[in-house]
Amino acid sequence: MNTLSKEEIRAQLLEKNKGIGVYVYDTIDSTNDEAKRQWKESKKAPCLFVSDEQTGGRGRRGRSFYSPKGTGIYMSLLLQPTIGIEDAVHITTATAVIVARHIRAFTGADVGIKWVNDLYLSDKKVCGILTEAVMEPDMTGPPAVVVGIGINLSTEVFPEELAEIAGGLGVKEGTLSQNSLIARITNDLLAFAENMQDCSYMEDYRKMSIVLGREIRYNEGNVLIRARALDIDSEGGLMVELENGSVKVLKTGEITVRLAE
Ligand code: BTN
């Protein structure tokens, strides 16, 4: 990997994106938190925040995201969409597709998407995405949105509690330009943000899904439900067939599914 560089990232942004704010840190608590702080102060978007390390990286459901120095990409894009927060799920699913496409192109790794938006390689999670709205009490109009992306490029050693589920992409020193990868992802996300109604990425989402057609498990209260994943609907919901043959849509954000052994 090369050194993170604001200039190199900007140089590889499309001409129309060169004016966005780009902030690069050696270390920070969380790039999502920094994006939110800066939005509250300056109301400037789009802005990109990247750090070589996070000391308080956050994941969904209050979990932390392990973000050791020099082994991954920890980036957040602050956007001000013109549509409502109910469409945030589209940002998340589109981000999963965009990041997966670029990881495949840059590393050759055949990453797949586990509903909703975790990227997996060989049964290990190699990338997580955290989309958050920036809510303010006196707000009128749609909120700003922060799309946070964490990619384990060369991370090999994980804390004990993550060792079974998290993995790295096995990127070797000096073989990948993270500045280019960050810029490519940013260009595509900005293009998507201009036209969030465009759902053409869903075709690739389905193709890259590691869940569709498989037996899954999820919890409803304390009950473990078995089902088969059939499809992803246009809202990002997971259509499943239950053991009694009925079909149900699992809503994003409500449920964690596990692949059956
Ligand atoms: C998840 O796996 O639940 C989502 C993980 C998202 C991690 C990224 S790393 C950059 C950004 N800053 C954070 O604190 N989280 C996101």
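The structure is a predicted model, in which local features need pLDDT of at least 70 and side-chain atom pairs count only at pLDDT 80 or more, while totals for chains, interfaces and linings use all residues. Residues are numbered from 1 along each chain as its sequence is written, and side-chain values use heavy atoms, with hydrogens and water left out.

A nonpolar core is taken here as a set of buried Ala, Val, Leu, Ile, Met, Phe, Trp, Tyr and Cys residues joined through side-chain atoms within 4.5 Å. Buried stands for under 20% relative accessible area, exposed for over 50%, and partly exposed for values in between (1.4 Å probe, protein chains only). The largest nonpolar core holds 63 residues, and the members that touch the most others are Ile151, Leu169, Ile216 and Leu238. Helix H3 (residues 88-107) gives this core its largest share, 8 residues; helices (H or I, at least four residues) and strands (E, at least two) are DSSP runs, numbered from the N terminus.

What does isoleucine 216 contact, leaving aside its neighbours within four places in sequence? Its partners are Val211, Ile225, Arg226, Ala227, Ala229, Leu238, Val240, Leu250, Val257, Arg258, Leu259 and Ala260, where contact means heavy atoms within 4.5 Å.

Attention now turns to open space. Rolling a probe the size of a water molecule over the atoms shows where empty space is left. On a 1 Å grid over the protein atoms alone, a pocket is an open set of points where a 1.4 Å probe fits, with protein on both sides within 12 Å along at least five of seven lines, and lining residues have an atom within 4 Å of a point. Ala94, Ile98, Arg101, Asp188, Ala191, Phe192, Asn195, Asp198, Ser200 and Tyr201 line the second largest pocket. At least two of its lining residues come from each of H3 and helix H4 (178-194). The lining has 5 nonpolar, 2 polar and 3 charged residues, with Ala, Val, Leu, Ile, Met, Phe, Trp, Tyr, Cys and Pro counted as nonpolar, Asp, Glu, Lys and Arg as charged, and the others, Gly among them, as polar.

Helix H2 (residues 31-42) includes glutamate 34. Glutamate 34 counts as buried because its relative accessibility is 13%. The side chains of glutamate 34 and tyrosine 25 are joined by a polar contact of 3.5 Å. Such a contact is a pair of N or O atoms within 3.5 Å; within protein, one must be able to donate a hydrogen and the other to accept it, and residues adjacent in sequence count only if both atoms are side-chain atoms. Not counting residues up to four places away in sequence, glutamate 34 touches Tyr25, Ile28 and Phe49.

Threonine 31 also has its place in helix H2, and at 2% relative accessibility threonine 31 is buried. Beyond its neighbours within four places in sequence, threonine 31 contacts Phe49, Val50, Ser51, Gln54, Tyr74, Met75 and Ser76. Glutamate 41, another residue of helix H2, is exposed, with a relative accessible area of 74%.

Strand S1 (residues 21-25) contains valine 24, which is partly exposed at 28% relative accessibility. With neighbours within four places in sequence left aside, valine 24 contacts Leu4, Ser5, Lys6, Ile9 and Val50. Valine 24 and methionine 75 are 51 residues apart along the chain, and their C-alpha atoms are separated by 9.2 Å.

Several loops carry backbone features worth a look. The loop between H2 and strand S2 (47-51) holds proline 46, and the peptide bond from alanine 45 to proline 46 is cis, with omega near 0°. Lysine 43 lies in the loop between H2 and S2 and has a positive phi of about 55° although it is not a glycine. Lysine 43 is partly exposed, with a relative accessible area of 42%.

A cis peptide bond, with omega near 10°, also runs from tryptophan 115 to valine 116. Valine 116 sits in the loop between strand S4 (112-114) and strand S5 (118-121).
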